[in-house]
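Me: Could you take a close look at the aromatic side chains in this one for me? I'd like a connected walk through them and whatever sits around them.

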Amino acid sequence: MVASEEPIATPSRLKPVLIILWLLLISAPILESDSYRYAALLLIGTIFVWFKPNLGLLKRDWLANACIAWGAYALLRFLFGLIVDGEKGASDWLYAFPLFFPAVGIALYSSRKQIETVFAIYFPIALAALLISTDYRLILAGDDRISPLFHNNLIHGAIGCGFLMIGAFYWLLHAWETGQLARRSGSWIIAVATLIIALCLFNIYGSKAKGVWLSLVLVGPLMLASLLLYADRRRAALVGAVVVALIAAALFVGGDDIWRFAGPTYEATARIETEISAHGAWNAVADAIASKDTPESMNERLQLWANASEVIAQAPFFGAGNHWLTLWQSTTYASVPYTLLHNGYFEMLVRHGLFGIIVFAILATGMYSRVFAAWRARLISLSALLAYSMVTLFFLGTILSNSNNRLAIGESFFFVFSAVAFACGIMLKKREVRQDAGMISRDRKAA
């Protein structure tokens with residue numbers, strides 16, 4: 001969905017390779033694997049071989065330097081904890097990934113002419129994966145939870161469906177916005193996007209992943225409201241009506257089943273809120289953990305979050321680094337069977353504290369501002385900006401109850417989020433250079 005103003009001399013034989021690599025980088029919503037990591041490294045490699053002049057595009061760029069500085073800090077801290085203290089932590093090295101973000105952004109800028117083709121292939125593949133993997137009988141029966149797509153966990157699959165649904169929604173709107181729906185392929189795009197949205201909603205319902213449900217409740221109305229930003233509101237309203245009809249049909253068919261799974265969690269949350277006002281947060285959480293009325297999955301999360309709070313309290317500003325797992329052994333609920341915290345914000349806080357949260361907030365804000373600026377400069381479509389925004393909000397909502405930033409789907413999201421931002425930044429910079437050159441030329445003619 002990224003628009004360009006000048007062609008890049010990409011060797012013909014390289015184009016299929018670039019398309020495949022980008023497909024692999026964004027494959028995590030469909031298939032949970034490490035292929036996105038290898039794809040990112042290979043994309044960076046293409047810069048050194050075919051686009052070496054582009055390496056200087058982010059020279060003296062504060063955001064690129066900030067990513068590299070943070071990545072170096074996180075890597076050195078991890079290595080110090082591993083080598084000096086003998087503490088290896090748990091996937092702590094992942095926080096050094098920002099080292100690669102600027103380079104992947106350059107790779108996206110260098111191969112941006114192939115991105116339309118990437119999406120044209122990606123969404124039909126996603127549709128095929130949904131058609132093959134959907135367990136229609138079990139979902140309609142409503143008694144069991146299903147694991148959508150090809151993931152190691154049903155929650156991961158549900159999150160993947162959320163990404164695909166939002167992506168397909170704005171892929172359709174992008175095609176309309178740019179006039180593609182008037183072409184011969186328009187009917188195909190409408191059919192593929194509509195089926196993806198319907199099947200994703202169907203699978204998310206069948207997954208019984210309450211955190212994903214909540215994230216969609218937060219993002220869904222914003223997606224529909226975003227249709228009002230388009231000039232042709234009649235057609236946008238038609239798209240919105242189709243989505244609302246799909247959601248209404250799902251609620252009509254499965255409303256009772258949704259409450260059967262979500263109701264106990266809602267009631268337990270309401271009890272905690274009442275207890276907090278009467279006895280304080282810690283006592284309220286302790287009582288909820290001790291209560292037999294608290295659903296098992298919620299009970300385990302509360303134990304994890306209580307433990308994480310104790311670890312954070314011991315190193316609130318810079319976190320405990322690799323040492324956090326050792327501190328974990330002395331927490332109140334250390335017997336909880338796993339240490340995946342089921343909250344992405346706690347994952348950051350136990351390792352890097354408030355400092356880490358602040359740094360990532362600054363980086364994310366800087367990146368988003370560049371994408372927004374690129375839209376204002378008409379370098380990307382409104383649909384691309386909205387897709388970027390809604391996928392981000394959805395992801396930030398899902399990590400309230402899951403550690404998706406430690407999973408393939410989260411890591412690939414960060415690669416794409418940052419790559420789009422840096423590519424937009426380069427396009428903005430290139431445009432400013434051209435404008436300056438044009439002004440100099442006009443001044444010389446006037447003289």
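Reply: Here is a walk through the aromatic rings, then a helix packing and a few loop residues. First, the ground rules: this is a predicted model, where local features need pLDDT of at least 70 and side-chain atom pairs count only at pLDDT 80 or more, while totals for chains, interfaces and linings use all residues. Residues are numbered from 1 along each chain as its sequence is written, and side-chain values use heavy atoms, with hydrogens and water left out.

Searching the whole structure turns up 27 aromatic pairs. A pair here means rings of Phe, Tyr or Trp (its six-membered ring) with centres within 6.5 Å; planes under 30 degrees apart are stacked, over 60 edge-to-face, and the rest tilted. Take tryptophan 70 and tyrosine 73: their rings are 5.2 Å apart centre to centre with 50° between the planes, a tilted pair. Both belong to helix H3 (residues 62–83), and because they are three residues apart there, about one helical turn separates them. Helices are DSSP runs (H or I, at least four residues), numbered from the N terminus. Tryptophan 70 is buried at 3% relative accessibility, whereas tyrosine 73 is partly exposed at 28%. For those words, buried is under 20% relative accessible area, exposed is over 50%, and partly exposed is in between (1.4 Å probe, protein chains only).

Now for a stacked example. Tyrosine 368 and tyrosine 388 have ring centres 6.0 Å apart and planes at 25°, so they count as stacked. This pair links distant parts of the chain, with tyrosine 368 in helix H14 (residues 344–376) and tyrosine 388 in helix H15 (residues 382–398), 20 residues apart. Tyrosine 368 is partly exposed, at 30% relative accessible area, while tyrosine 388 is buried at 9%. Both tyrosines also belong to one aromatic cluster, together with Phe163, Phe394, Phe395, Phe413, Phe414 and Phe417.

On to the helix packing. Helix H5 (residues 115–133) packs against helix H8 (residues 186–207) at an angle of about 40°, with the axes 9 Å apart. The axes are lines fitted to C-alpha atoms over the stretch in contact, with angles running from 0 to 180 degrees between N-to-C directions. H5 and H8 are therefore oblique: under 35 degrees would be roughly parallel, over 145 roughly antiparallel, 65 to 115 roughly perpendicular, and the rest is oblique. Residues meeting across the packing include Phe123 and Leu127 from H5, and Trp188 and Leu195 from H8. Contact means heavy atoms within 4.5 Å.

Finally, the loops. Serine 27, between helix H1 (15–25) and helix H2 (35–50), is buried at 13%. Leaving out residues up to four places away in sequence, serine 27 touches Ser35 and Tyr122. Leucine 149 sits between helix H6 (136–141) and helix H7 (154–177) and has a positive phi of about 55° although it isn't a glycine. Leucine 149 is buried, at 6%. Serine 91, in the loop between H3 and helix H4 (101–110), also has a positive phi, near 60°, and is partly exposed at 27%.

Note on methods:
Helices (H or I, at least four residues) and strands (E, at least two) are DSSP runs, numbered from the N terminus.
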